[in-house]
Amino acid sequence: MKVVLVGFMGSGKSTVGKLLERELRIPLIDLDSLIEERTGKTIPQIFREEGQERFREIESQLLRELLSSKGSFIISTGGGTPCHKNNAEEINRKAISVFLYAPFETLWERIKGDTNRPLTKLGKEKLKELYENRLPFYTKAHLTVNTEGKTAEEVAEEIKNYLKRRER
């Protein structure tokens, strides 16, 4: 089983991924961490030194490598992962995709002071536009979980129940 978590920055992909890893007993791969490990650079460094387009190339290449590999795992993606190079279609072909939805205002409150997210420098209005542009890619997921007002544990439980139903 391959499960891919998608959603905007601050939607809870990493947090929910860790809970699912523990509950389902399958490894979690954080795509951004894997990129940093493979390149020897932080995400902000890659953006600064090589640009966003190069970052997206590396990201797509690693995603495809993971999706083509054997074994079960959960992938926590970056917010833009499904929006580039037909990644959403590739994810849906080779894995079970889960969109962690939250309204923009909720996400903004979670991320606005986070300097490790290069795109927060764009400011609220530009980020809202980015969020709206990405929604059509996110909504291609097999499952959408509204995270508004739910704990990470409740979100993980909802995903776990969906996966159990799919197995039957």
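Colleague: Leaving aside its neighbours within four places in sequence, which residues is R110 in contact with?

Modeller: This is a predicted model, and in it R110 is in contact with G10, S11, G12, A102 and T147, once its neighbours within four places in sequence are set aside. R110 itself lies in helix α5, and S14, which is 96 residues away from R110 in sequence, stands 13 Å from R110 in space, C-alpha to C-alpha.

Colleague: Turning to aromatic residues, how many aromatic pairs does a search of the whole structure find, and what geometry does the pair of F99 and Y101 have?

Modeller: The search finds 7 aromatic pairs. F99 and Y101 form one that is edge-to-face, with 5.9 Å from centre to centre and 75 degrees between the planes; planes over 60 degrees apart count as edge-to-face, so the label follows from the angle. As for accessibility, F99 has a relative accessible area of 3% and is therefore buried, whereas Y101, at 25%, is partly exposed.

Colleague: How should I read the pair of F104 and Y131, and which helices hold these residues?

Modeller: The F104 and Y131 pair is tilted, with 5.6 Å centre to centre and 55 degrees between the planes. This pair links distant parts of the chain, as F104 lies in helix α5 (residues 104–111) and Y131 in helix α6, 27 residues apart. F104 and Y131 are both buried, and together with F8 and W108 they form one aromatic cluster.

Colleague: For a helix, how do I read the placing of buried residues, and which residues of α2 are buried?

Modeller: The general idea is that an α-helix has 3.6 residues a turn, so residues three or four places apart point the same way. In α2, the residues L31, L34 and I35 are buried. Viewed down the axis of α2, the buried residues fall within an arc of 105 degrees, so they line one face of the helix. As to what they meet there, the buried residues of α2 pack against β2 (28–30), α3 and β3 (73–76).

Colleague: What lines the largest pocket, and which residues lie nearest its centre?

Modeller: The largest pocket holds about 600 Å³ of space and is lined by 28 residues, of which M9, D32, G78, N116 and R117 lie nearest its centre. Helices α1 (13–24), α2 (31–39) and α3 (43–68) each supply at least two lining residues, and α3 gives the most, with 6 residues. By type, the lining of this pocket divides into 8 nonpolar, 11 polar and 9 charged residues.

Colleague: How many cavities of 30 Å³ or more does the structure hold, and which residues line the largest cavity?

Modeller: A cavity is read apart from a pocket, because a probe that fits inside a cavity cannot get out, while a pocket is open. The structure holds 1 cavity of 30 Å³ or more, and about 50 Å³ of space lies in the largest cavity. Its lining consists of V6, P82, A88, I91, N92, S97, F137, Y138, K140 and A141. The elements giving two or more residues to that lining are α4 (87–94) and α6 (124–138), with the largest share, 3 residues, coming from α4. The lining of the largest cavity divides into 7 nonpolar, 2 polar and 1 charged.

Note on methods
Residues numbered from 1 in each chain as written. Predicted model: local features only at pLDDT ≥ 70, side-chain atom pairs only at ≥ 80, totals over all residues. Heavy atoms only, no water. 1 Å grid on protein atoms, 1.4 Å probe; cavity = no way out; pocket = protein on both sides within 12 Å on 5 of 7 lines; lining within 4 Å. Points joined across faces, edges and corners; volume = space filled by probe spheres on them. Helix = DSSP H or I, 4+ residues; strand = E, 2+ residues; numbered from the N terminus. Nonpolar A, V, L, I, M, F, W, Y, C, P; charged D, E, K, R; others polar. Phe/Tyr/Trp six-rings, centres within 6.5 Å; stacked < 30°, edge-to-face > 60°. Buried < 20%, exposed > 50% of the residue type's maximum accessible area, 1.4 Å probe, protein only. Arc of directions from axis to C-beta. Contact = heavy atoms within 4.5 Å.
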